[in-house]
Amino acid sequence: MSLSSLFSAMEISASGLSAQRIRMNVIASNIANAQTTHTPEGGPYRRKEVIFGAVLESAGKGEGVKVLGIFPDPSPFKVIYDPSHPDADPQGYVKMPNVNVILEMIDMISATRSYEANVSALKAAQNMALKALEIGRRY
Amino acid sequence: MKDNPIGPIDRSLEKLIQGFKQIRSAEGKNSTFSKILGNLINQVNDLQNKADEAIQKLVSGEAESIHQVMIAVEKADLTFRLMMEIRNKLIQAYQEIMRMQM
């Protein structure tokens with residue numbers, strides 16, 4: 001028996017924390033690039049989204065979460081009329097990123113809360129372990 | 001046997017003796033108590049080292065996340081507490097035996 005098998009609940013919460021951190025990074029880059037009209041791939045910045053997937057830690061010990069990948073949002077770019085913009089086409093229209101900052105803010109709140117929920121689950125697992133250690137005490 | 005109030009205690013004593021016999025027979029299969037304890041202490045030590053390593057990575061800027069460091073430290077703390085609890089029990093048992101009237 002390995003001692004680390006005592007910590008499967010903590011491992012699962014840890015995977016949740018890591019996943020939410022990656023989600024937070026993606027949201028931050030979406031907000032930071034809300035006005036970016038140039039990217040290495042060409043064209044304006046395309047909003048990114050994380051996809052999560054469940055991973056079996058080991059049989060009977062629950063499933064952790066893993067980021068399966070960061071995928072671009074296929075929705076169309078916003079087109080604004082601004083002939084003074086250096087990236088404007090001959091008709092004066094500029095393609096802007098398909099990022100909605102308000103939606104990103106909501107996603108960010110959700111990521112923060114999910115992170116907190118994972119921390120709470122982790123703390124509960126830790127408290128259970130500490131309580132179990134009290135069984136042996138006489139005083 | 002039904003009116004014998006010592007019956008249940010009697011039976012649990014029998015089970016205890018059987019348990020001791022099992023432990024004695026297991027000794028031959030190189031799983032003595034001291035070895036099990038040594039194994040536990042080694043694992044606790046491993047986790048302590050991992051926590052040290054995690055902290056070192058954090059201060060040198062190599063750590064990818066704070067929570068991994070905190071969880072490593074927490075694991076080390078919990079297993080150390082578990083080991084101390086077992087040690088306390090052992091010492092308690094030893095003192096109990098030393099207090100026995102001859």
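A pocket is taken here as an open set of grid points, on a 1 Å grid over the protein atoms alone, with protein on both sides within 12 Å along at least five of seven lines. In this predicted model, the second largest pocket holds about 240 Å³ of space. Its lining is made up of Leu6(A), Phe7(A), Ala9(A), Met10(A), Ala125(A), Met128(A), Ala129(A), Ala132(A), Leu133(A), Leu78(B), Thr79(B) and Leu82(B). Two or more of these residues come from each of H1 of chain A, helix H2 (101-133) of chain A and H3 of chain B. H2(A) gives the largest share, five residues. By class, 11 lining residues are nonpolar and one is polar, with no charged residues.

The largest pocket has a volume of about 520 Å³. Its lining comprises 23 residues, and those nearest the centre are Lys50(B), Ala54(B), Gln68(B), Ala72(B) and Lys75(B). At least two lining residues are supplied by each of helix H1 (8-32) of chain A and, from chain B, helix H2 (33-59) and helix H3 (66-98). The largest share, seven residues, belongs to H2(B). Nine of the lining residues are charged, eight are nonpolar and six are polar. The lining of the second largest pocket, by contrast, has no charged residues.

The interface between the two chains was examined next. Contacts involve 19 residues of chain B and 21 residues of chain A. The area buried between the chains is about 1,700 Å², and carbon and sulfur atoms give 65% of this area. Of the area that chain B buries against chain A, 33% is supplied by His67(B), Leu78(B) and Glu85(B), more than by any other three residues. Leu78(B) is also one of the residues that line the second largest pocket. One salt bridge is counted between chain B and chain A. Glu11(A) pairs with Lys75(B) in a salt bridge in which the closest N and O atoms are 2.4 Å apart. Lys75(B) is also among the residues that lie nearest the centre of the largest pocket.

For chain A, UniProt lists residues 91-134 under "domain: Flagellar basal-body/hook protein C-terminal", in an unreviewed entry. In the model, this span is 75% helix and 9% strand, and its end C-alpha atoms lie 75 Å apart. Helix H2 of chain A covers residues 101-133, and this helix contributes five residues to the lining of the second largest pocket.

How values were computed. Residues are numbered from 1 along each chain as its sequence is written. Chains are lettered from A and ligands numbered from 1 in the order in which they are written. This is a predicted model: local features need pLDDT of at least 70, side-chain atom pairs count only at pLDDT 80 or more; totals for chains, interfaces and linings use all residues. Side-chain values use heavy atoms; hydrogens and water are left out. On a 1 Å grid over the protein atoms alone, a cavity is a set of points where a 1.4 Å probe fits but cannot get out, and a pocket is an open set with protein on both sides within 12 Å along at least five of seven lines; lining residues have an atom within 4 Å of a point. Grid points are joined across faces, edges and corners, and a volume is the space filled by probe spheres set on the points. Helices (H or I, at least four residues) and strands (E, at least two) are DSSP runs, numbered from the N terminus. Ala, Val, Leu, Ile, Met, Phe, Trp, Tyr, Cys and Pro count as nonpolar, Asp, Glu, Lys and Arg as charged, and the others, Gly among them, as polar. UniProt positions are given in the numbering used here, feature names are shortened, and annotations may be inferred rather than shown by experiment. Contact means heavy atoms within 4.5 Å. Buried area is the accessible area (1.4 Å probe) that two parts lose on being put together, summed over both. A salt bridge is a side-chain nitrogen of Lys or Arg within 4 Å of a carboxyl oxygen of Asp or Glu.
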